[in-house]
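Here are a few exercises to work through with the model open in your viewer. Try each task before reading its solution.

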Amino acid sequence: MQHFDYGYFSFSRKKVKKFDPIVERRNLLKKRTIVSKLISNKMGKEFYDGDRLNGYAGFKYDGRWQNFLKKIIKKYNLNNNSKVLDIGAKKGFFMHDLKKILPNIKVYGVEDHYYPISKAMSNVKKKIKLIRFTDLKYKKKYFDFVHAHNSIYQYNLRDIMTILTIISKIGKNSHITLPIYQNDDDRIKFYNWTLTGTTILKSSEWKKLFKFVGYKGDYYFSGPKSFGL
């Protein structure tokens with residue numbers, strides 16, 4: 001078990017021409033209200049493809065996962081014979097890019113709400129299953145790699161314990177991304193920023209949780225600093 005950063009958040013903080021994502025996020029942090037959270041938690045069109053106050057404002061494919069998947073493939077020795085599960089697959093961008101690099105790899109996704117599946121990329125859409133992450137049922141060590149990026153912290157602590165236990169059972173290797181805070185200011189910033197996030201712990205607390213449930217996979221701790229808040 002180790003902290004593995006494959007570069008997602010450093011990429012997401014980069015300026016694109018005159019657009020500065022850090023400035024935008026800090027402005028949004030001040031504007032988002034309980035109404036924004038209520039709208040976004042429907043996990044529908046408004047969250048993915050509506051106003052930025054309420055979500056992504058157009059969750060569109062940009063090929064970014066190809067940059068990170070090279071590191072992931074190397075670290076976890078993935079190949080065209082591997083089986084991979086993406087927990088929180090959304091519109092299937094991770095899955096699509098993995099298939100682009102390894103065309104014959106067996107990649108599956110799960111989502112707990114319907115809208116992103118309905119808009120998923122055509123080559124992986126049929127491989128995304130609608131199910132709560134606490135209800136996953138696969139054979140022991142069925143997957144060579146299980147990936148859960150910014151997805152399971154939307155559940156409460158009890159459910160996260162269940163999900164981590166499941167991941168440990170069904171995956172030979174795994175990587176999860178979870179939010180941390182170091183002080184009350186961090187925690188307030190995170191909860192003001194996040195629309196759907198539910199559970200945030202200190203890094204030491206996450207590690208105690210990992211030990212408690214027997215999770216031995218890899219992880220990345222995100223949080224206010226990762227988003228540039």
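**Exercise 1.** Which residue just after α10 takes a positive phi?

*Solution.* Gly-214 does, with a phi of about 80°. Here α10 covers residues 203-213; helices are DSSP runs of H or I with at least four residues, strands are E runs of at least two, and both are numbered from the N terminus. A heads-up: this is a predicted model, where local features need pLDDT of at least 70, side-chain atom pairs count only at pLDDT 80 or more, and totals for chains, interfaces and linings use all residues. Residues are numbered from 1 along each chain as its sequence is written, and side-chain values use heavy atoms, leaving out hydrogens and water.

**Exercise 2.** Work out which residues of α10 are buried and which elements they pack against.

*Solution.*
1. Buried means under 20% relative accessible area, exposed over 50%, and partly exposed in between (1.4 Å probe, protein chains only).
2. Trp-206, Leu-209, Phe-210 and Val-213 come out buried.
3. Down the axis of α10 they fall within an arc of 105° (taken from the directions from the axis to the C-beta atoms), so they line one face of the helix.
4. Turned away from that side are the exposed Lys-208, Lys-211 and Phe-212.
5. The buried residues pack against α8 (157-170), β5 (174-179) and β6 (218-222), with contact meaning heavy atoms within 4.5 Å.

**Exercise 3.** Is Phe-68 buried or exposed?

*Solution.* Phe-68 is buried, because its relative accessibility is 3%.
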